[in-house]
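Walk through this structure one region at a time. Keep the 3D view open while reading.

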Amino acid sequence: MTTAPDAAAQQPVPAWRPNSPTDEASVTAVHRQLATGLRHPATGHPLTLHLTALGGDRWHTAVTPVDEGVALIEVTADDPVTLRAEWRVPCVDATAYWTPDTHASRWLPPSWTAPRTVSLALGAPVASLVGGHDRALCTAAAGETTAPVRVGAGVVEESGEFAFTVEQDLTPDGPPLRLRIDLSGRHFATTLRGVTDWWGEDLTHPGVAPAARMPAYSTWYSLHQNVDATAVERQAALAADLGCGSVIVDDGWQTADRARGYGHCGDWAPNRTAFPDLAAHVTEVHRLGLAHLLWYAVPFIGRHNDAWDRFKGMILREEPHLDAAVLDPRHPEVRAHLLDTLSRAVEEWGADGVKLDFLDRFAVADPPPAPPGADHTTVHGAVRQLLADLDARLRRTRPDVIVEHRQPYVSPGLWPYATMVRAVDCPLSPAENRQRTVDCRLTAGPLAVHADMIMWHSAETPEAVAVHLVNALFSVPQISVDLDAQTPGQTAALRFWLGVFRRYADVLQHGTLEPARPDLGYPQVRAHDRHTTVVARYAPLPVTLPDADGPDGPRTLLVANADADPTVLLTAARPERALARVQDCRGEILSETELDLVPGSNPVTVPTGGLLTLTREG
């Protein structure tokens with residue numbers, strides 16, 4: 001539905017921003033206001049978009065209602081313009097500002113904070129202002145998920161409002177500015193599911209191989225670059241016995257150097273001393289029952305590789321501290337080299353997939369102009385071509401190939417070329433792993449979400465090992481410790497919780513996810529389907545029992561306790577009877593009793609790292 005500008009709307013109170021231009025005489029600036037048909041839940045006032053175009057006035061707007069409190073806005077241009085949309089909501093009862101940015105706090109930023117630029121290889125254009133009871137005061141997303149989009153937000157000091165801004169360069173033959181604004185007041189996770197459904201309308205995904213949904217073993221934190229066929233196969237055998245479904249061989253397989261850095265990346269040929277027959281090694285891992293993935297630092301060419309001399313004139317930038325440079329994928333020769341070297345893992349050595357690292361390094365803030373010989377003018381266009389060609393080539397050999405991406409390259413524009421996305425590195429930080437995996441889950445669409453590799457000190461208690469694992473409960477855990485060196489207690493905790501991951505994979509990974517209090521780092525998270533609810537408790541908070549008499553009332557409730565307080569308060573709405581089984585961090589059954597639950601609080605003792613399973617009668 002095309003909508004005329006709203007002439008009656010008032011200009012917003014000016015907000016100070018650093019380095020704001022004071023002289024626009026050199027460029028045409030056109031300001032318009034657009035009625036959205038939405039109303040602020042806190043005040044009932046209409047929401048108005050303030051649109052500014054630099055470069056011309058031949059642009060057109062449309063507003064389409066989607067659902068109660070949700071609208072789509074589209075802006076198209078007849079001439080090239082830079083279009084900026086701003087809208088504000090009253091900052092009433094606001095508690096957190098959610099974005100998928102891996103380095104973001106959940107605090108409310110000031111409006112003069114620099115906007116973030118998101119593109120195919122960096123971030124995703126979505127944000128949510130969250131209020132009390134985890135309701136979204138405003139959730140907004142842009143539809144452009146490949147080309148750069150500048151996304152800003154923050155508290156306007158002058159008015160006490162919260163401003164959202166989205167800026168995109170428009171051309172007559174390019175994609176329009178498309179915005180989805182949600183003022184429905186639903187749980188913020190529900191509004192984000194609406195965004196991912198919207199993004200997914202025009203995308204197809206080939207599906208996720210079953211192994212990508214099962215716990216994995218990674219060599220990175222346990223072995224770092226000290227990998228060889230014998231060591232990997234030993235860990236793979238132990239991992240398979242514990243319930244893992246794949247092994248990921250990280251950095252070190254391609255070099256004899258053990259000094260870290262990326263100076264030996266680019267040729268992607270096996271270190272024959274450590275892996276004399278890589279295909280035979282993969283075959284042995286398969287015999288053990290595991291899928292096999294190989295790591296690649298895709299953008300890098302190191303100074304100590306033959307590829308350096310061949311491609312040193314085809315780079316986006318040098319990174320001397322890494323002893324490497326970032327390749328420019330706009331060159332067809334660069335993409336052909338990467339396709340040939342990356343495909344060998346599957347085509348020649350029989351691997352089940354690849355771990356594609358550092359794709360975000362392609363997202364250069366100010367890339368140089370397209371060089372002579374380039375067949376793409378933009379870096380993001382060339383990256384998409386590279387990944388599409390790689391996906392097609394790998395699937396010719398292995399239709400169910402596994403491809404790992406990683407935060408912060410979480411754009412839905414990458415969904416067709418990945419099967420899983422991993423939380424960015426946060427070694428020995430369970431709370432951070434929890435927050436990042438939940439963040440990924442909220443906008444991952446069809447992809448499996450993996451935790452960063454889980455490690456712990458050799459002197460860690462079994463209870464603490466269980467806490468590490470419970471913090472990754474709503475993702476796929478990647479284990480990265482020396483399994484041969486674990487104590488019986490550590491091994492028992494690992495075996496028990498990997499069993500929980502596997503047994504309840506459907507509800508944990510596909511169930512409706514409802515994390516609580518993003519401002520506090522999600523101290524309680526739950527997932528549910530029609531049969532089972534799983535709650536993880538990371539702070540001494542009561543656990544509200546789901547309505548057993550509702551249309552989707554689950555019969556089984558699991559409560560994983562990752563907090564030091566063993567007293568779990570179950571809050572019931574009505575009297576009911578249930579069988580309660582309590583297990584410790586090793587899975588040992590401590591008690592099995594019938595509980596007569598009363599309205600209000602019902603204390604149950606669940607030790608740290610333990611699990612309560614409540615089976616309700618009915």
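A residue counts as buried when its relative accessible area is under 20%. Keep in mind that this is a predicted model.

The buried ones are Pro462, Ala464, Val465, Ala466, Val467, His468, Leu469 and Val470. What do they pack against? The partners are α8 (430-443), β23 (478-479), α10, β26 (532-537) and β28 (556-561).

Take α10 from that set. Two packed helices are described by the angle between their axes and the distance between the axes. The crossing of α9 past α10 is right-handed. On the α9 side, the contact is made by Pro462, Val465, Ala466, Leu469 and Val470. On the α10 side, Gly489, Gln490, Ala493, Leu494, Trp497 and Phe501 take part. An α-helix has 3.6 residues a turn, so residues three or four places apart point the same way. The contact of α9 with α10 holds 9 nonpolar residues, 2 polar ones and no charged ones.

Now turn to a sheet. Strands of a sheet pair through backbone hydrogen bonds, either parallel or antiparallel. This sheet is open and has 3 strands, in the order β16-β18-β17. Its pairing is antiparallel. The edge strands are β16 (300-302) and β17 (315-319), and each of them pairs on one side only. From one strand to the next, the twist averages 25°. In one of the pairs, Gly302 has Ala324 of β18 as its bridge partner.

Next comes Val130, a residue of strand β8 (residues 126-131). Is Val130 buried or exposed? Its relative accessibility is 0%, so Val130 counts as buried. Leaving aside residues up to four places away in sequence, Val130 touches Asp93, Ala94, Thr95, Ala96, Trp98, Arg135, Ala136, Leu137, Phe188 and Pro518. Leu108 is 22 residues from Val130 along the chain, and the C-alpha atoms of the two are separated by 9.8 Å.

The last stop is backbone geometry. Most residues other than glycine have a negative phi, and most peptide bonds are trans. Where does a positive phi turn up in a residue other than glycine? His133 is one of the places, with phi near 60°. His133 sits in the loop between β8 and β9 (136-142). With a relative accessible area of 76%, His133 is exposed. Trp268 also is not a glycine, and its phi is positive at about 55°. The loop between β14 (246-249) and α4 (278-287) holds Trp268. Trp268 counts as buried, because its relative accessibility is 1%.

Finally, look at a peptide bond. The one from Gln407 to Pro408 is cis, with omega near 5°. Pro408 lies in the loop that runs between β20 (402-406) and β21 (420-422).

Methods
Residues are numbered from 1 along each chain as its sequence is written. This is a predicted model: local features need pLDDT of at least 70, side-chain atom pairs count only at pLDDT 80 or more; totals for chains, interfaces and linings use all residues. Side-chain values use heavy atoms; hydrogens and water are left out. Two strands pair if DSSP finds at least two bridges between them. Helices (H or I, at least four residues) and strands (E, at least two) are DSSP runs, numbered from the N terminus. Axes are lines fitted to C-alpha atoms, for helices over the stretch in contact, and angles run from 0 to 180 degrees between N-to-C directions. A crossing is left-handed if the near helix is turned anticlockwise from the far one by less than a right angle, and right-handed if clockwise. Contact means heavy atoms within 4.5 Å. Ala, Val, Leu, Ile, Met, Phe, Trp, Tyr, Cys and Pro count as nonpolar, Asp, Glu, Lys and Arg as charged, and the others, Gly among them, as polar. Buried means under 20% relative accessible area, exposed over 50%, partly exposed in between (1.4 Å probe, protein chains only).
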